[in-house]
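Here is a quick tour for someone meeting this protein model for the first time. Have a look at the sequence and the 3D view, then read on.

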Amino acid sequence: MRKIISKLLASSLLSLLALGASAAERDYSFLPDPVASYVNNDGAKRGISREQAVQLLKSKFTPEQLSIKSEGEIRTEVRMLSDTLFERRVMSRMLRENNVKPDPDTMRKELRHLHNSLPPAERAGIESQLIRKGSNYEDSLREMVNDPDQVTRYAFIQWVKQNTESKIVVTDREAEDFYRANQAMFLIPESFTLSRILQPTKADADALYTRLALGEKFANLAKGRGGKYGEFSRADLDDNILSIVDPLKEGQYSKVVKQNDGWAIFHMDSRLKASFVPLDEMRDFIESQIRLLKVQVEVQRIIQTERKAFKFELNL
């Protein structure tokens, strides 16, 4: 038995070593050298070499991830990384020429403020997506401000914004179109305000349920036995509780139900139907979003102009 186990362990170890070797020794000769080229300010031809491209790949992916990518996938990644590298060089040069220094701390503060100023539905949507990925907004923000490409791009966008904002006009029609096209951003989801009575045993809860049926007020019976449970949207409640409270109208109470912390009776204090924040209340936010979109268009125009001026070409 020991010999069999030893052989299995040796086999597993050799497999791991082989995987590491194949990842580390991947042949990138199928990539052109250079992978991209451009003409510098002094007229000299410059480029992004194959070796630089491989280093970019290794900075983004683990050896194991690279080992299983096809040549087509590698080419696609190199194409995107080369574009990003060229854009960062363009942005960095223009920021230096205009005495603008990318500042991660400023970026962090401004993005946090922007996130907090989003309509509740959009902010909750972003946070829910991050939670599903095993992250949260603060972790995502920390990752962004630690990425030199992201910090440079953010500083460049802010610089372009400062130089173009006074020229940007947002019409009423544009604001209305944005509002209609992004209704989900302005949705206030249906919400419930709940109270509950909580008892340690079913017998105790049944006795209180009988008193409710005989006409005693829920609020009186809930004193010292639970009380206000909170305000929730549908997304806040797990399926079990939602199935219990959803059929209730305002002022109604549920049957006795088993919960993790005892036996409960829920009361629907109030429920608000889903509604949309009026356009007039969101106009400032909408105009800021449209301005940002127009700034991003201007950023792309600048980058494309620079690509032509420097004759940037991908050889992939």
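Let's start with helix H8: helix H4 (71-97), helix H5 (104-116), helix H7 (137-145) and helix H13 (279-309) are among the elements that cover its buried residues. Cover here is counted by contact, meaning heavy atoms within 4.5 Å. This is a predicted model, where local features need pLDDT of at least 70, side-chain atom pairs count only at pLDDT 80 or more, and totals for chains, interfaces and linings use all residues. Residues are numbered from 1 along each chain as its sequence is written, and side-chain values use heavy atoms, with hydrogens and water left out.

**Helix H8**

H8 takes in residues 148-164, 17 residues in total, and spans 24 Å from its first C-alpha to its last, close to the 24 Å expected at 1.5 Å a residue. (That expected span is 1.5 Å times one less than the number of residues; helices are DSSP runs of H or I with at least four residues, strands are runs of E with at least two, and both are numbered from the N terminus.) Which residues of H8 are buried? They are Val 151, Thr 152, Tyr 154, Ala 155, Phe 156, Ile 157, Trp 159, Val 160 and Thr 164. Buried means under 20% relative accessible area, exposed means over 50%, and partly exposed is in between (1.4 Å probe, protein chains only). At the start of the helix, Asp 147 brings a side-chain oxygen to within 2.9 Å of the backbone nitrogen of Asp 149. That is a polar contact: N or O atoms within 3.5 Å, where within protein one must be able to donate a hydrogen and the other to accept it, and residues adjacent in sequence count only if both atoms are side-chain atoms.

**Rings**

The model has nine aromatic pairs. Rings of Phe, Tyr and Trp (its six-membered ring) pair if their centres lie within 6.5 Å; planes under 30 degrees apart are stacked, over 60 edge-to-face, and the rest tilted. Here are two of the pairs:

| Pair | Centre distance | Plane angle | Type |
|---|---|---|---|
| Tyr 209 and Tyr 253 | 5.7 Å | 85 degrees | edge-to-face |
| Tyr 229 and Phe 266 | 5.4 Å | 70 degrees | edge-to-face |

Tyr 209 sits in helix H10 (residues 202-213), while Tyr 253 is in the loop between helix H12 (239-245) and strand S6 (257-259), 44 residues apart. Tyr 209 is partly exposed at 27% relative accessibility, and Tyr 253 is partly exposed with 27% too. In the other pair, Tyr 229 belongs to strand S5 (residues 226-233) and Phe 266 to strand S7, so parts 37 residues apart in sequence are tied together. Tyr 229 is partly exposed at 27%, but Phe 266 is buried at 0%. Elsewhere, ring pairs join Tyr 38, Phe 86 and Phe 312 into a cluster.

Back in helix H10 we find Leu 208, which is buried at 4% relative accessibility. Setting aside neighbours within four places in sequence, Leu 208 contacts Ile 197, Gln 199, Leu 221, Arg 225 and Ile 265. Arg 271 lies in strand S7 (residues 262-272). Its side chain reaches the backbone oxygen of Leu 248 at 2.5 Å.

Three strands make an open, antiparallel sheet in the order S2-S1-S9. Strands pair if DSSP finds at least two bridges between them. Strand S2 (45-48) and strand S9 (313-314) are the edges, each pairing on one side only.

How values were computed. The expected span of a helix is 1.5 Å times one less than its number of residues.
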